[in-house]
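This briefing is meant to be read with the model open alongside the text.

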Amino acid sequence: MSDLSTQLIHHPYRPPEGFDAVAPGVHKASTVIFPHVQALRTQEWKDKSGYTYGLHGTPTTFILEERIATIEGGRFCVLAPSGLSAVSLVDMAFLRQGDELLIPDNAYGPNKAFASVELAAWGITHRYYDAQNPADLAAKISPATRLVWLEAPGSITLEFPDLPALVATVQQANAAREGERPILTALDNTWGAGIAFNAFELGADMSMQALTKYPSGGSDVLMGSVVTRDEALHQQLLMTHMRLGLGVSGNDTELVLRGLNTMALRYQAQDTATRALATWMQAQTGVVQVLHPALPGSPGHANWQRDARAAACLFSVVFDARFNQTQIDAFCDQLELFKLGWSWAGPISLCAPYNVSSIRTHAWPHKGGLVRFAVGLEAVDDLRADLAQALATLNA
Ligand SMILES: *Cc1c(COP(=O)(O)O)cnc(C)c1O
């Protein structure tokens with residue numbers, strides 16, 4: 001070991017003992033060194049009793065998994081490189097050729113796109129159901145159905161479903177098909193984040209989240225998770241996760257761990273600000289309806305009131321049909337604090353116009369354009385003034 005380059009690599013460094021910092025260490029690895037061949041052959045990572053390779057977990061990713069599982073009231077967690085990769089992981093772990101998948105018509109768009117392109121190419125069919133109507137789910141369950149996605153509330157239009165009724169519908173179908181693979185339920189829990197309600201108490205088998213949103217809170221990292229209470233489901237997810245080679249970086253994991261410290265406070269603050277703005281918006285000229293589960297009259301409000309204790313930072317506005325798309329687009333361009341962009345639950349308020357009829361199969365009752373708002377951490381008075389000036393231009 002006389003050569004400097006060898007000494008640089010084979011240094012005697014060990015992580016410090018007794019260094020009791022508030023933040024967990026950021027461990028990064030592809031390679032993990034084994035003490036001897038016997039360990040290389042037998043060390044186990046699937047039950048977290050050991051470390052074998054970066055893709056199979058580090059002390060840092062194990063901590064984040066444990067914390068997300070705890071926040072959501074589950075027992076096990078796998079991390080994926082984005083929320084969307086967590087969605088496709090669930091699909092690939094549990095669906096086989098000939099199976100059918102049911103997705104809410106108002107689900108997160110890319111969840112539907114993965115089913116309609118990749119899953120379809122692999123011989124897995126899908127149908128969309130009306131999440132506000134459990135009878136429609138019951139009617140669409142077929143002998144081939146193996147997985148039902150749930151989402152609360154729906155993306156963009158924010159209808160809050162009767163989750164216990166949807167789960168009961170699936171359980172009834174399972175009771176009638178003994179001895180076969182049961183239909184599983186997976187909830188996209190990005191909106192609730194484990195704060196608004198407990199997905200498992202409402203009956204979901206799996207809870208998937210885009211950690212990109214609330215847990216990160218910074219608009220600067222992408223990550224996803226799938227939490228379960230059932231060990232067999234977790235092991236199946238873990239093995240597909242391993243074979244797909246999904247991994248998350250130590251630095252990204254650190255950012256999410258840091259975000260978790262303030263998540264409950266951010267959720268609460270953004271909830272309060274969003275309700276204030278949504279309520280104010282309802283009274284403005286040119287606005288036909290404001291969609292937000294906590295507003296009486298918003299679709300599924302009674303379900304939200306019964307099953308949830310908080311609401312995320314999103315509300316959508318349906319404008320009067322006298323405004324054409326060009327005028328709605330100009331309204332969005334006119335906003336100064338609300339920036340144009342995807343994602344939400346970060347510090348900056350965002351908005352985007354949507355043509356709802358073009359993204360769903362079931363009838364949409366409104367003719368006017370829709371804009372979805374994501375409220376950030378700015379002062380509510382400033383955000384309200386920004387909305388007011390853009391509305392004044394729209395109505396002029
Ligand atoms: C953002 C989002 C996702 C996807 O998360 P990414 O990390 O952006 O891939 C999935 N579901 C919902 C409801 C989301 O809002």
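The notes below begin with the origin of the model and then turn to the ligand site, selected residues and the backbone.

This is a predicted model, in which local features need pLDDT of at least 70 and side-chain atom pairs count only at pLDDT 80 or more, while totals for chains, interfaces and linings use all residues. Residues are numbered from 1 along each chain as its sequence is written, and side-chain values use heavy atoms, with hydrogens and water left out.

**The ligand site**

- The ligand is surrounded by 13 residues, a residue being counted as near if one of its heavy atoms lies within 4 Å of the molecule; the closest are G83, L84, D188, T212 and K213.
- By class, this shell divides into six nonpolar, four polar and three charged residues, where Ala, Val, Leu, Ile, Met, Phe, Trp, Tyr, Cys and Pro count as nonpolar, Asp, Glu, Lys and Arg as charged, and the others, Gly among them, as polar.
- An oxygen atom of the ligand lies 2.8 Å from a backbone N or O atom of L84, whereas for T212 it is a side-chain N or O atom that lies 2.6 Å from a ligand oxygen atom.
- For K213, a polar side-chain atom lies 2.5 Å from an oxygen atom of the ligand.
- The protein buries 89% of the 370 Å² that the ligand exposes when taken alone, with accessible areas coming from the Shrake-Rupley method with a 1.4 Å probe, and only the protein chains shown counting as cover for residues.
- The elements giving two or more residues to the shell are α4 (83-94) and β6 (206-210); helices (H or I, at least four residues) and strands (E, at least two) are DSSP runs, numbered from the N terminus.

**Individual residues in helices**

- H241, in helix α8 (residues 231-244), has a relative accessible area of 8% and is therefore buried, given that buried means under 20% relative accessible area, exposed over 50%, and partly exposed in between (1.4 Å probe, protein chains only).
- The side chain of H241 reaches the backbone oxygen of L79 at 2.6 Å, which is a polar contact, that is, a pair of N or O atoms within 3.5 Å, where within protein one must be able to donate a hydrogen and the other to accept it, and residues adjacent in sequence count only if both atoms are side-chain atoms.

**Backbone features in loops**

- A cis peptide bond, with omega of about -10°, joins A152 and P153, and P153 has its place in the loop between β4 (145-151) and α7 (163-175).
- A193 is not a glycine and yet has a positive phi of about 55°; it sits in the loop between β5 (184-188) and β6, and it is buried because its relative accessible area is 0%.
- S219, likewise a residue other than glycine, has a positive phi near 55°; it is placed in the loop between β6 and β7 (224-228), and it is exposed because its relative accessible area is 57%.
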